[in-house]
Amino acid sequence: MTDRALVVVRAGALTTVQDRGRPGHAHLGVPRSGALDGPAAALANRLAGNPPDAAVLETTLNGCSVRPRSAVTVAVAGAPCRVTVDGRPVAWGAPVRVRAGSVVDVGAATSGVRAYLAVSGGVAVEPVLGSRSTDLLSGLGPAPVTDGAVLPLGTPREGHAHVDVAPQPAPPDELVLRVTPGPRDDWFTPAAVRTLTSRTYRVSSASNRIGLRTTGPPLERARPEELPSEGLVLGAVQVPPDGTPVVFLADHPTTGGYPVIAVVRPTDLPAAAQATPGTPVRFIAVRRR
Amino acid sequence: MRVLPVGEDALLVEVSSGDEAQALHAELLRRRAEGSLPVGEIVPAARTVLLDGLSDPARLAAELTARELPPAPPRAAQTVEIPVRYDGPDLAQVAAHWGVSAREVARIHAGAAFRVAFCGFAPGFGYLTGLPSRYDVPRRPTPRTAVPAGSVALAGPYTGVYPRSSPGGWQLIGTTDLVLWDHARVPAALLSPGTRVRFVPVATTEPAT
């Protein structure tokens, strides 16, 4: 009898189950959620022989350790880190065969923030509204992983991936976010719009899966009145009363009452997921395609 | 009506009132249902409707501004009845604000026909409109760190029911045992935009003060 499950030996600072999230329910107040660095999660799945929508573990800064109860293939992508099996170093960013009962350790990120651990068969916790993702804003999906937790695994697909190693972008030394202005750029002074796209901000340590918070020159409002709540998109650059921009990530609220000065191109958001606190951030204005 | 581009594949359609936003939302849902509006999300809010996941937002923006939207046909939507004990800790505060007795707050609130204008804040949390504007109330100066699930609350022009315990700054006027959100149920949300709602008073265990 095979017992397809993972035992969590060390949960790490914040490890969550993530897949491609649950878009399509924003009108009910349900955030989209899903892996913050989607390409890294997809790559880990491909290396482990999984379909791209299989659920993986997303770690934060200091990794995690798991013990599979059956033989599995694992792969780690995203933030570079030391990966070991029973204490012996194995390849990062490549498929690794692991025997039942061995301990897979995803070490602290040597750069970047979030590593993705894919296990053949995928993490098979019960889906909520079509997704297994942990949503830290609304509390939908499984709770963040804890020491000793047992996570069920799905059935692996036949055959393996045809890649042994795959190129991955390095975590950014400087985070460049291309933005299109609006929808509420007219709620700010012209100087504020220039400030956003010409000065350098830094990633704040208050950043999380909901938003990339920044420190830097505050943006002055031209209209001081309250904005009635309106729908928010992924990548919206919202400006709260303190004037420093917040870039909304996967667990963002579906509506909000602070003006959105610009929107980041979705293809630039995976890099935002890997930018450590203190990383310089530049917002570059681009035209709509 | 103003159509504002949002990033590269979304539009924010802004109108001048909550009623217009509800009519626009109904019309956009109708178009999506008949297959003429391919869109990922339609998110109504106080004065806007967000259309996210559009393949050609520029063309839709031109079309929306060129064409007058017809008024929404009255929908034969079902009415959700929410049984309420009008026993909230802010009932006296709201009564003072309205210049009526606590008993009268319950009578006025239960007498109004509500509609879910939009959802947000938490899964299944609806912003309900239906009270005349003279009954608008401010938020509490200091939000509570924990508002119990099932709390019926007022803020500005809206009534809301907390689907689960969360921090909140709304004025609490009552409590319901109805489960507003259950992800194991289909549909998970009892209230979605457009749903009609009535609050039905039930006996309180203690007399309201």
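**Figure 1. An open sheet of 5 strands in chain A, in the order β2-β3-β10-β5-β8, is antiparallel in its pairing.** The model is predicted: local features need pLDDT of at least 70, side-chain atom pairs count only at pLDDT 80 or more, and totals for chains, interfaces and linings use all residues. Residues are numbered from 1 along each chain as its sequence is written, and chains are lettered from A and ligands numbered from 1 in the order in which they are written. Strands (E, at least two residues) and helices (H or I, at least four) are DSSP runs, numbered from the N terminus. Two strands pair if DSSP finds at least two bridges between them. At the edges are β2 (16-18) and β8 (96-98) of chain A, each pairing on one side only. On average, neighbouring strands of the sheet are turned by 30° against each other, direction ignored. Such angles run from 0 to 180 degrees between N-to-C directions, with axes as lines fitted to C-alpha atoms, for helices over the stretch in contact.

**Figure 2. Strands β3 (residues 56-58) and β10 (residues 115-119) of chain A pair in the antiparallel sense over 2 bridges.** Here A:Glu58 stands opposite A:Tyr116 in β10(A). Helix α1 (residues 38-47) of chain A packs on the sheet and touches β2, β3, β5 (72-78) and β10 of chain A. The direction of this helix makes about 155° with that of β5(A). Two residues are in contact if their C-beta atoms, placed from the backbone, lie within 7 Å.

**Figure 3. The largest nonpolar core has 133 residues.** A nonpolar core is a set of buried Ala, Val, Leu, Ile, Met, Phe, Trp, Tyr and Cys residues joined through C-beta atoms within 7 Å. A residue is buried if 20 or more other C-beta atoms lie within 10 Å of its own, exposed if 12 or fewer, and partly exposed in between. Among the residues that touch the most other members are A:Ala44, A:Val56, A:Tyr116 and A:Ala118. Helix α1(A) gives the most to this core, with 6 residues. Apart from neighbours within four places in sequence, A:Ala118 is in contact with residues including A:Ala44, A:Leu47, A:Val56 and A:Val74. In soluble globular proteins, nonpolar side chains tend to be buried together.

**Figure 4. A:Asp86 lies in the loop between β6 (81-85) and β7 (88-90) of chain A.** A:Asp86 counts as partly exposed because 13 other C-beta atoms lie within 10 Å. Leaving aside neighbours within four places in sequence, A:Asp86 is in contact with A:Ser102 and A:Val103. The C-alpha atoms of A:Asp86 and A:Gly101 are separated by 9.4 Å, with the two residues 15 apart along the chain.

**Figure 5. β6(B) and β7(B) form a hairpin with 6 residues between them.** B:Phe121, in the turn, has a positive phi of about 75°. The two strands pair in the antiparallel sense over 4 bridges, and B:Val116 stands opposite B:Leu128 in β7(B). From strand β7 (residues 126-129) of chain B, B:Gly126 and B:Leu128 point one way and B:Tyr127 and B:Thr129 the other way; all are buried.

**Figure 6. 31 residues of chain B are in contact with 27 residues of chain A.** β3(B) gives the most to the side of chain B that touches chain A, with 4 residues.
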